[in-house]
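The sequence and the structure come first, and my entries follow.

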Amino acid sequence: MATTGVDHGAADQTTFKAEYNRLSELKAFDESKAGVKGLVDAGITEIPRFFHYPPDSSEPIFSSVSGDTQLSIPVIDLKGVLDGDRDHRQEIVEKVREATETWGFFQVVNHGIPDSVLEEIKDGVRRFYEQDVEIKKAFYTRDTSKPMVHNSNFDLYNAPSANWRDTFFCPMFPNPPKPEDLPAVCRCLYLYIVYNLDPV
């Protein structure tokens, strides 16, 4: 009598792959307007598949760095940037350009923003995300021309995998938004930025 072994796991995996419709799942996630925070609040027990990095991707997820390598975030010192010294200002602009092109981010020091305001910014972000999902949905959009944009993954439909993050921003230049265009929990920050009124 001959028997054959069947790997039910492999069969299930094939069935799962055939049934998976990434675009449909992305749309459902995006149209919920609840974002990653909404998934967490809903108590999900499994990360949705579109957040998984594709196993067949030829790009490495992380590049290795030697243990001997010393990495440091670029620091941009804004001290004196408004003193009228064009050469000094150009030097700072060049440092920003270099840091942006090389690293994609940088730390700013001597910017003149009080610590109390920086703390209020962090608190404002927390307050925004801790609001009821229905309030946040009013600001959820992929239209970056809106005065306030809240969404999950600006490249949700194009990236090989989604990032576990939500974002909100409001362009302040050249036309700052009206206070009523912003969530009530963040308006005090707007008043500081536009009118230099201390929010705390």
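For the entries on touching residues, I take a contact to mean heavy atoms within 4.5 Å. I also keep in mind that this is a predicted model.

Entry on Ser 161. I located Ser 161 in the loop between strand 3 (149–151) and strand 4 (167–169). Leaving out residues up to four places away in sequence, I found that Ser 161 touches Arg 22, Phe 50, Phe 51, His 52, Tyr 53 and Pro 54. Its relative accessible area is 12%, and because buried means under 20%, I noted Ser 161 as buried.

Entry on Thr 144. Not counting residues up to four places away in sequence, Thr 144 touches Val 149 and Phe 169. I also looked up Pro 171, which is 27 residues from Thr 144 along the chain, with 8.9 Å between the two C-alpha atoms.

Entry on Lys 27. Lys 27 sits in helix 2 (residues 22–32) and is partly exposed, with a relative accessible area of 40%. From C-alpha to C-alpha, Lys 27 and Leu 156 are 9.4 Å apart in space, although 129 residues apart in sequence.

Entry on helix 4. At the start of helix 4, I noted a side-chain oxygen of Asp 85 within 3.1 Å of the backbone nitrogen of Asp 87. Helix 4 is followed by Gly 104, whose phi is positive, near 90 degrees.

Methods: Residues are numbered from 1 along each chain as its sequence is written. This is a predicted model: local features need pLDDT of at least 70, side-chain atom pairs count only at pLDDT 80 or more; totals for chains, interfaces and linings use all residues. Side-chain values use heavy atoms; hydrogens and water are left out. Helices (H or I, at least four residues) and strands (E, at least two) are DSSP runs, numbered from the N terminus. Buried means under 20% relative accessible area, exposed over 50%, partly exposed in between (1.4 Å probe, protein chains only). A polar contact is a pair of N or O atoms within 3.5 Å; within protein, one must be able to donate a hydrogen and the other to accept it, and residues adjacent in sequence count only if both atoms are side-chain atoms.
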